[in-house]
Amino acid sequence: MTLLSNISWRLVPVWRRNLDVSLVTWKTNVLPPLLEPLLYIFAFGFGLGAYVERISFEGRTYEYVAFMAPGMVAVGVMFHATFESMYGTFVRMRYQKTFEAILHTPLLMEDILAGEILWGATKGLFAGAIILAVITAFGLAAYPSSLLILPASFLAGVMFSAFGLLFAAVSPYIDNLNLPTFLFITPMFLFSGTFFPLDGMPAWLRAVAACLPLTHLVTVTRAAAFGRLAPGLVADFCYIAAVGALVSYQAIKLMKGRLIK
Amino acid sequence: MAEHGRVVEASGVVKRYGAFEAVRGVDFHIEAGECFGLLGPNGAGKTTTVKLLCCVLPLTAGEIRVFGMSAAEHPRRVKARIGVCPQEFNLDPDFGVRQNLMVFSRYFDIPKAEAARRADALIARFRLEDKAGACVDDLSGGLKRRLMVARTLINDPDLIVLDEPTAGLDPQSKHQIWDEVRALKASGKTVVLTTHNMEEAELLCDRLVIVDLGRIIESGTPAAIVGRHAPADGGGTLEGVFLKLTGRQLRE
């Protein structure tokens, strides 16, 4: 397992580099996670919510907008963490030659790539925190249980960021990245219990949904926002951590293999 | 810290990319405080050799020791003491000139105050004062190259590797880089230089090797190499010897 032992605290300056860049452009980085959930809340919460006023979930009924809001937090974490590692890393790797430059310092490729995953996770946490603030302002998040959304966002951020790096590693051209968006992100967006409870779907589709990484984050954010934490959430956390670790390992291995022949 | 003895020892170095053998068993050493030249046609294996020496590519076979340490076993420790200026520009386009030096210093774990001191000194030394805040993308080729060389020195390296540092530069910038190489040597640093410019090699290199098709085909001081191969009536040049040894046909 030299791959793991080659990751060190030296990944911190890689993370800092990306943070410095995003602080220069912080306004454009804050606006999407701030405004996206508002669009969804207005369109689906108030638009669709006018027809579907109440929705039953785990034996209780909720206003549609209240049901949907915690799903928005999870979706935001997924989008921001995945896209940062997918496009951001691809651009730094391929066009800016950032990794080639850093490789001529005491850092190893494993440090650089682990730093990139950690940075994508940070973007996920950041998006999760902002969207949580928005739904809190609408009175759609119960406290203190909703605070659990923050560590969940970071942990799931690592997982989605690792998926992003994995896609970047296997895509020859930047245009190829449309494919994982279509095949992976969009299905999760639709079938992870974000907009409707999974109970109404056919059994096979429920089984598929249970395997989707986003489903487990939605389960956590919804339970936290509803103030209904249950021991079963530990399984969701374990799933997210395990998939995150596996995909991170594979992504670093593939990307290193691509860059160092 | 001035070095003594051999800074680099390479023995039986082989690098294969799949079936293609880019470096086919080379042996060389580099003495402390000298300027060592790597010459060869395009595709001869110079840049690959440099990358192996700088611990950014794994060896297929053989061994490279830098500062007495195995490059394969201690890449972090070796890289901490090397400064590398690659052929291709890879400055960070997301930052300005001074910020490029500051961000790069963090990878070497240089404390911020010390990094700021070094960055300002390098900016002055490479005449980048007017451009300190400028965006890297707005710099001319010559300024970019100067910043690349300045960045190479941010960790105060004992071994400096310059891969075609004067390619595409105007005479003024070229002479400035040459002066820098002389200054580095004067301060006791060891320099590795790859170049296509024979005048540059004759002026700066204490010893050099000519590489072709992944092998070293000649080595020694520039004068000794010319002496061995030049016509008996004298008047030989390194360029003439280079063409005689590596042939006149295009390589790529």
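Guide: Start with helix H6(A), which is mostly covered: 24 of its 29 residues are buried. Buried means 20 or more other C-beta atoms within 10 Å of a residue's own; exposed means 12 or fewer, and partly exposed is in between, with C-beta atoms placed from the backbone. Helices (H or I, at least four residues) and strands (E, at least two) are DSSP runs, numbered from the N terminus.

Visitor: Before we go on, what kind of model is this, and how do the labels work?
Guide: This is a predicted model: local features need pLDDT of at least 70, side-chain atom pairs count only at pLDDT 80 or more, and totals for chains, interfaces and linings use all residues. Residues are numbered from 1 along each chain as its sequence is written, while chains are lettered from A and ligands numbered from 1 in the order in which they are written.

Visitor: Back to H6(A). What should its 29 residues span?
Guide: Helix H6 of chain A covers residues 109-137, and at 1.5 Å a residue it should span 42 Å. The end C-alpha atoms are 42 Å apart, which agrees. The expected span is 1.5 Å times one less than the number of residues.

Visitor: What comes just after H6(A)?
Guide: Gly139(A), with a positive phi of about 70°.

Visitor: And H10(A), how many of its residues are buried?
Guide: 13 of the 13, so H10(A) is largely enclosed by the rest of the structure. This helix runs over residues 213-225 of chain A. Just after H10(A), Gly227(A) takes a positive phi of about 70°.

Visitor: What about Phe184(A), where does it sit?
Guide: In helix H8 of chain A, residues 178-191. Phe184(A) is partly exposed, with 19 other C-beta atoms within 10 Å. Phe184(A) and Leu147(A) are 37 residues apart in sequence and, C-alpha to C-alpha, 28 Å apart in space.

Visitor: Zoom out. How many helices and strands does chain A have?
Guide: Eleven helices and two strands. From the N terminus on, the order is α-α-α-β-β-α-α-α-α-α-α-α-α. Buried residues make up 47% of the 261 residues in chain A.

Visitor: What are its spans along the principal axes?
Guide: The C-alpha trace of chain A spans about 60 × 40 × 35 Å. Its radius of gyration is 19 Å; a compact globule with 261 residues would have one near 18 Å, which agrees. That radius is taken over C-alpha atoms, and the globule rule is 2.2 Å times the number of residues to the power 0.38.

Visitor: Now chain B. In what order do the strands of its sheet come?
Guide: S2-S1-S4-S5, in an open sheet with antiparallel pairing. Two strands pair if DSSP finds at least two bridges between them. S2 (20-31) and S5 (69-70) of chain B stand at the edges with a single partner strand each, so one side of each is left without a neighbour in the sheet.

Visitor: How many bridges join S1 to S4 there?
Guide: Five join S1(B), residues 6-17, to S4(B), residues 61-66. Ala10(B) stands opposite Ile64(B) in S4(B).

Visitor: Last topic. How many residues of chain B are in contact with chain A?
Guide: 19, and they meet 19 residues of chain A. Contact means C-beta atoms, placed from the backbone, within 7 Å. The largest share of the chain B side, four residues, comes from H2(B).

Definitions and conventions: Contact = placed C-beta atoms within 7 Å.
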